[in-house]
Amino acid sequence: MRVRKHDLHDLIQKKLEAAGLSEEHANGVADSLAFADARGIHSHGAVRVDYYAERIAKGGTTLDPKFAFNKTGPSSGVFEADNGVGHVAARKAMDEAIQLAQETGVGIVGVHEMGHSGALAYFVKQAADQDMVAISVCQSDPMVVPFGGAEPYFGTNPIAFAAPRADGEPVIFDMATTVQAWGKILDARSKGVEIPPTWAVDANGEPTTNPDRVNALLPVAGPKGYGLMMMVDILSGILLGLPFGKRVSSMYTDLTTGRNLGQLHIVINPAFFTSLKEFKENIAQMVSELHATKPAPGFDKVLYPGELAELVETDYADAGIPIVKDVYDYLISDTVHFNQYDHAGLFAKQE
């Protein structure tokens with residue numbers, strides 16, 4: 001099943017409005033999810049709608065949040081999200097960070113007590129589209145075994161980066177600090193396919209290829225990924241006075257209460273450090289030089305980090321976005337939420 005991006009956006013928005021979100025907030029979430037699906041990040045796209053709708057229906061999302069931005073310094077601030085939908089709160093917080101960077105060269109804004117915010121690439125692109133460099137980090141459920149450990153402690157704790165370039169789309173990459181994100185496990189479960197044995201472990205700490213038996217993920221590059229996920233948890237949790245590590249609330253244990261998650265946006269205005277024109281031209285030159293690099297056996301071309309998503313987006317713009325039939329059927333149905341999944345099952349641990 002393939003769907004045009006604008007049609008997918010509308011289906012998602014209508015479903016979330018039916019669940020209880022305002023038109024503004026449903027539109028904000030739909031924009032983020034359609035963006036993810038359009039770039040091939042299906043683990044953070046329409047597959048999430050049923051879960052969001054159920055959390056909304058059960059009271060775990062503040063429908064009329066009291067958003068507030070508290071400026072704490074010339075270049076810093078905290079955005080109070082009041083456990084509203086994270087996609088909207090994070091976008092508004094990024095707007096504040098961009099404004100600070102435009103005025104002072106740097107903007108750092110923490111998002112305090114928010115819901116799940118989806119793909120971080122969406123927010124850093126927001127800054128890059130305004131000629132800013134951006135980094136965004138966010139904490140998540142404890143679902144990763146620390147290097148040398150046998151039980152989960154940190155979450156997948158993603159990092160996203162974007163920079164503008166001349167004569168092209170911004171350079172964007174978005175990565176979990178695990179070999180793969182929980183959303184990829186969800187995607188494999190929904191499609192009924194196996195996963196590589198390097199992604200995750202079962203309840204005994206043994207590698208598994210069965211997505212239904214996954215108990216915890218593995219950090220990327222062993223101790224290096226472990227260090228990165230600790231850094232993210234400090235920046236988006238401890239720095240904001242929020243729960244951290246295994247204290248972070250589970251996405252599925254209790255859908256009646258807010259998540260209280262944290263996120264941190266760091267925005268840099270290149271014009272305060274160098275010529276903006278030269279900066280963007282040099283980014284473009286870097287991309288050209290990477291493309292001109294001799295490819296290794298088995299590769300046709302060297303891509304810059306994150307470029308595959310850009311290529312997928314171009315392909316999907318022509319061919320339509322592929323959506324799993326069960327997900328599409330749910331979106332076009334009159335059912336607001338299935339409420340039929342064991343949260344240790346299909347929709348478990350998908351941060």
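1. The side chain of glutamate 310 makes a polar contact with the side chain of tyrosine 304, at 2.4 Å. A polar contact is a pair of N or O atoms within 3.5 Å; within protein, one must be able to donate a hydrogen and the other to accept it, and residues adjacent in sequence count only if both atoms are side-chain atoms.

2. The model is predicted: local features need pLDDT of at least 70, side-chain atom pairs count only at pLDDT 80 or more, and totals for chains, interfaces and linings use all residues. Residues are numbered from 1 along each chain as its sequence is written, and side-chain values use heavy atoms, with hydrogens and water left out.

3. Glutamate 310 belongs to helix 9, residues 307-319 (helices are DSSP runs of H or I, at least four residues, and strands runs of E, at least two, numbered from the N terminus). Its relative accessible area is 19%, so glutamate 310 is buried (under 20%, with a 1.4 Å probe and protein chains only). Not counting residues up to four places away in sequence, glutamate 310 touches Arg39, Arg165, Glu169, Pro170 and Tyr304 (contact means heavy atoms within 4.5 Å).

4. Seven strands form an open sheet with mixed pairing, in the order 2-3-4-10-5-6-7 (two strands pair if DSSP finds at least two bridges between them). Strand 2 (68-73) and strand 7 (171-175) each have a single partner strand, so one side of each is left without a neighbour in the sheet.

5. Strand 2 runs antiparallel to strand 3 (residues 76-80), and five bridges join them. Asparagine 70 has valine 78 in strand 3 as its bridge partner.

Technical notes
Buried < 20%, exposed > 50% of the residue type's maximum accessible area, 1.4 Å probe, protein only.
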